[in-house]
Structures are given as structure tokens and as C-alpha cells.
Amino acid sequence: MGNRGMEDLIPLINKLQDAFSSIGQSCNLDLPQIAVVGGQSAGKSSVLENFVGRDFLPRGSGIVTRRPLILQLVNCKAEYAEFLHCKGRKFVDFDEVRMEIEAETDRLTGSNKGISPIPINLRVYSPNVLNLTLIDLPGMTKVAVGDQPQDIEHQIRDMLLQFITKESCLILAVTPANTDLANSDALKIAKEVDPQGLRTIGVITKLDLMDEGTDARDILENKLLPLRRGYIGVVNRSQKDIDGKKDIRAALAAERKFFLSHPAYRHIAERMGTPHLQKTLNQQLTNHIRDTLPGLRSKLQSQMLSLEKEVEEYKNYRPDDPTRKTKALLQMVQQFGVDFEKCIEGSGDQVDTSNLSGGAKINRIFHERFPFELVKMEFDEKELRKEISYAIKNIHGVRQVQPACQKTISTPHFCSSPSVSCPFSIIYIFLSFHL
């Protein structure tokens, strides 16, 4: 059952994952995990259900997985499921598990096929599974259906990248064999974040649906698009099998028979199939946790020391302490300065989509209104030149006025991009009246 002596590593990460999900944040810790990516109808759900040996995931057309599902598999004598948001309730009927996933998804996203990055945590206990944690992500799509937002493709892509860009995340790229591997959505997005193929595990589904006379031998032998962790082929139940409630154990037996009897795959049959995939993922996740654990531990200790230091400061806290009030005021002023600067630069967290504001408004005034207002102004050019000359000299203080600045004031009327060395007094007067 996986790597002997290290079985506790995956449950340990599961506890951390549950703790972070409960408080709604990750504490800036990238936990080792496996993210499942693939296009719609690539067979991701069937692969996960084969792992569990039960039908428990929502089915249907279009986007079915609309929130990340953190699926924690725990080897146990009893068989039941638990949701983090339904503490204390054990689900023994897996049809109820499916309905709860659908209900919890609709609670946040509604029934209009929208998506949300907030995960659902599901833990399945079963004697038929190995200790394993997977994150099932929405299938990639290209066309908005019904009342989905038009940018649904980019929303899903951004959600996937939030998970798979992390170096601590292994990528399970699921691709159907009856499509061109070069056009695989899963492998394409995996290659963007893992160009060397060091973190990607390829899964080829629907091998039994390939055109007669063709096979995926070169892919499964890791010759066509090589990955460091290789490819594993699986044969899932067909839609007819699913509708007919075909037993998953029978489906796994049929999968085994397919690989042993197929002339292109029989020589690698021992490295193919769902049981081998589950065992491989258990081993690779365990090894991955072992490799990343020292860095994770160091980061946790650093954050713990920082928090302990912060807690220590509050032990002798007095609300009327003037030094604390001064410190709080200073922090507020500093934060206001940072927020103001972001507003001017346009790099704040919130962007106004109805009106121009901040730096954009100032930019528009200077580059659109200011030149026209200059032309409309009536002034004595001789007096104005004199005033500008004094203004430029005064703002340079003890520094010598450069010839370039003197050249700038020779044509003050038509300056459309004012700077400090341009007609300073005119800018000041204009802004006094218009801002």
C-alpha cells in the first residue's frame, strides 16, 4: 500500500489542507498536491470514480465541475465520505455525496454554470483506495454556453494557473486518446508552467475508442512528447456503461483484459490501467511531500516565530498607551500614502469601471484639456515669458538652469506635454481653477 514507513505523510498534508480551508487562507504555504487538469469530457471524473470504486461525481453536459474539489482518499476498513462543510455527518450513500457536491456548488455559483475558485473538501474512506489527495479542477472550455460569462475560458484558465504554477503542485494532465495529442488542452497548459515536464504526469484515456488500425503506443512509451514522469493509459466506462450503472469492479476487470489482449499494449500492460495509476500517484505524491517537507517545515517555523513575536507584543497591551496610538497613526498614514500612490499609478486592488479616477483623470486633464485651455487663455506674452523665466530659475534653486530648459521656454504656447521645465506658472494657475 504505497511507500512503507511514510504512509502518514499524505494524511499530515490533508490535515494542513483542512485547517487552511477552515480559516479561508493558505498562510502563504504552498502544500504539495496533485491537480487534475483536462478538457471537458476528457475522462477526469471517470478516472477519479475508478479510484474510489463508486459513482459520486456530478455528471452532465457542459461545465459540470464548477468549483475545485479537494478529494482526499483514506485507506480504511469502513466505507463512507465526509465533507469539511458538513462536520460530523457521514455519507454512506454516494448518491447523496453527488447531490451534496451539486448543492454546495450551486450555493456559491448559482445554477447558471458560473465558476468559483473556493474549493469543496471531500474525504472518502474506503478499503479499496490508497492514501491519496487530488484536486479536481473545472474542465477547459472554449465557448460560453447558455448564460455563462463570455470570458468563461479565461476564468477557468486563470483558476487552473492559480494551482499548477506552484512548484509544489504535481500536474495530472488527462488527455483522450481519440484526439491529437498535439492539440491537448491539458498538456498545453502544463507545458506553459512546466516546460521541462518535471512535474507533469500524463494520463491517456479512451484508448478503446481510437480508430481501428491506430494506437497510442509511441505516446505511452514516452517517445512522442516526453515527460519526466511518463504516461499511463486507462480505459474508463463508456457513457452507456455509466447510464446502465455498470459495476466499476467489472469495468476495471475489462480494462485489465483490454491491455493484456491488445497487441500494441500487452508488452506494457503491467504499467497501464487504473490500479497502477493510483499506486503510482500514491508513490509520487509521497515522495514529493518528502522532498518538499524540509522547506515547508522551515517556512512554518519562520511564520510561527513571527506570530509568537507579534503575540508577545500584545501581552502587555494597554488601550490608553500613547506610544501604541502614535504607532497606529503612523501606520495608517503610511498605508494611506501607499494607497494614494497606487491610485495615482493605477495599480490598486480595486479598479473603477464606470468613471476615470486617480492618475488616469490627472493624465486626461494634462493631455486632453490642458493644451486647449492654454490656447484659449489671453495673456501678455512678454510678461508671461518673464514670469516663466523666474519660475524656472526659482524651482532650480541653487542649481544652474540647463540650456535645454532655456530652449523650452522659447515656445511656451504649443507645449502639449508639460513638465517641471515647461511653463510652471501656467500649469499651476490652470490646475487651481480646474482640479
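Rings of Phe, Tyr and Trp (its six-membered ring) count as a pair if their centres lie within 6.5 Å; planes under 30 degrees apart are stacked, over 60 edge-to-face, and the rest tilted. The model is predicted, so local features need pLDDT of at least 70 and side-chain atom pairs pLDDT 80 or more, while totals for chains, interfaces and linings use all residues. Residues are numbered from 1 along each chain as its sequence is written, and side-chain values use heavy atoms, without hydrogens and water.

Q: Which residues form one aromatic cluster with Phe258?
A: The rings of Phe258 and Tyr265 have centres 6.0 Å apart and planes at 40°, so this pair is tilted. Phe258 is buried at 18% relative accessible area, and Tyr265 is buried at 0% (buried means under 20% relative accessible area, exposed over 50%, partly exposed in between, with a 1.4 Å probe and protein chains only). The residues that share one cluster with Phe258 are Phe259 and Tyr265.

Q: What is the angle between the planes of Phe83 and Phe91?
A: The whole structure has 7 aromatic pairs. Phe83 and Phe91 form an edge-to-face pair, 5.2 Å centre to centre, and both residues are buried. The angle between their planes is 85°.

Q: Over the face of which residue does Lys90 lie?
A: A charge sits over a ring if NZ of Lys or CZ of Arg is within 6 Å of the ring centre and within 35 degrees of the ring normal. Lys90 is 4.6 Å from the ring centre of Tyr80. The residue is Tyr80.

Q: How many residues apart are Asp55 and Arg237, which meet in a salt bridge?
A: The side chains of Asp55 and Arg237 meet at 2.4 Å, N to O (a salt bridge is a side-chain nitrogen of Lys or Arg within 4 Å of a carboxyl oxygen of Asp or Glu). Asp55 lies in the loop between α2 and β2, and Arg237 in the loop between β8 and α7; helices (H or I, at least four residues) and strands (E, at least two) are DSSP runs numbered from the N terminus. Asp55 is buried at 19% and Arg237 is buried at 7%.

Q: Which residue is linked with Asp55 and Arg237 in a network of salt bridges?
A: The structure holds 18 salt bridges. A network of them links Asp55 and Arg237 with Glu49.

Q: At which residue does helix α9 have a kink?
A: Helix α9 spans residues 274-315 and has a kink of about 45°; the bend is the angle between axes fitted to the seven residues ending at a residue and the seven starting there. The buried residues of α9 include Leu285, His288 and Ile289. The kink comes shortly before the proline Pro294, at Leu293.

Q: Where does Lys206 lie?
A: Lys206 has a positive phi of about 60° although it is not a glycine. Lys206 is partly exposed at 24%. It lies in the loop between β7 and α6.
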